[in-house]
Amino acid sequence: MADIETELARERTAVRLSRGARRLLWSLGYASVTEFPLANGRRADILAVAGGGEIVIVEVKSSIVDFRTDQKWPDYLPFCDAFYFAVGDDFPLGLIPDSCGLILADAFGAAILRASPVERLVTARRKSLLGAFGQIAASRLHRLEDPMLGSG
């Protein structure tokens, strides 16, 4: 029972951190979606797109255990121009690799503590990601407006 409660607490924390990080991204001119499926089978916690087509991925880490047991983040790098970790104020910041951007978040907002290095995506991958982003965002909105559509 304690394991279930611990996992639920981590999920609630992740939702709060994600909300704060997405509010920050919005304030910087990015639209974002959560749980974005990538072509390599991974799923980005947050994928955000700016008006000029710049793509940012944010990996939300709710705890030290979450960070240490999930080391898939290098698999996200080929799918974004910039990569960030978003963590809460109780997270030991020294664990985050210096080669990654760092966002400090809570349920209400966030701040960039360290900018991410920028590595521009190749045009073909950017085009593919932008198309998938539009399709996923529109599909999710449509399902909210018409629940009878289901998940297909």
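How much space lies in the largest pocket? The largest pocket holds about 380 Å³. The structure is a predicted model, in which local features need pLDDT of at least 70 and side-chain atom pairs count only at pLDDT 80 or more, while totals for chains, interfaces and linings use all residues. Residues are numbered from 1 along each chain as its sequence is written, and side-chain values use heavy atoms, with hydrogens and water left out.

Rolling a probe the size of a water molecule over the atoms shows where empty space is left. On a 1 Å grid over the protein atoms alone, a pocket is an open set of points where a 1.4 Å probe fits, with protein on both sides within 12 Å along at least five of seven lines; lining residues have an atom within 4 Å of a point. Grid points are joined across faces, edges and corners, and a volume is the space filled by probe spheres set on the points. The largest pocket is lined by 21 residues, and those closest to its centre are A14, E35, D45, V60 and D66. Two or more lining residues come from each of α1 (2–27), β1 (30–37), β2 (43–50), β3 (55–61) and α2 (64–69). Helices (H or I, at least four residues) and strands (E, at least two) are DSSP runs, numbered from the N terminus. Helix α1 gives the most to this lining, with 6 residues. By class, the lining has 6 nonpolar, 4 polar and 11 charged residues; Ala, Val, Leu, Ile, Met, Phe, Trp, Tyr, Cys and Pro count as nonpolar, Asp, Glu, Lys and Arg as charged, and the others, Gly among them, as polar.

E35 lies in strand β1 and has a positive phi of about 50° although it is not a glycine. With a relative accessible area of 37%, E35 is partly exposed, a class between buried (under 20%) and exposed (over 50%), for a 1.4 Å probe and protein chains only.

The second largest pocket has a volume of about 240 Å³. Of its 15 lining residues, L77, C80, D81, P117 and E119 are the closest to its centre. This lining comprises 10 nonpolar, 2 polar and 3 charged residues.

A nonpolar core is a set of buried Ala, Val, Leu, Ile, Met, Phe, Trp, Tyr and Cys residues joined through side-chain atoms within 4.5 Å. The largest such core has 24 residues, and F36, L38, L47, I57, F83 and I96 have the most contacts inside it. At least two residues of this core are supplied by each of β1, β2, β3, β4 (82–87) and α3 (123–145). Another core, of 16 residues, lies apart from it and includes A21, A50, V56 and A105.

A pair of aromatic rings is described by the distance of the centres and the angle of the planes. Rings of Phe, Tyr and Trp (its six-membered ring) pair if their centres lie within 6.5 Å; planes under 30 degrees apart count as stacked, over 60 as edge-to-face and the rest as tilted. By this rule there are 6 aromatic pairs. The rings of W73 and F83 are stacked, because their centres are 5.8 Å apart and their planes are at 20°. W73 lies in the loop between α2 and β4 and F83 in strand β4, so the pair ties together parts that are 10 residues apart in sequence. Both W73 and F83 are buried. One aromatic cluster is formed by F67, W73, Y76, F83, F85 and F91.
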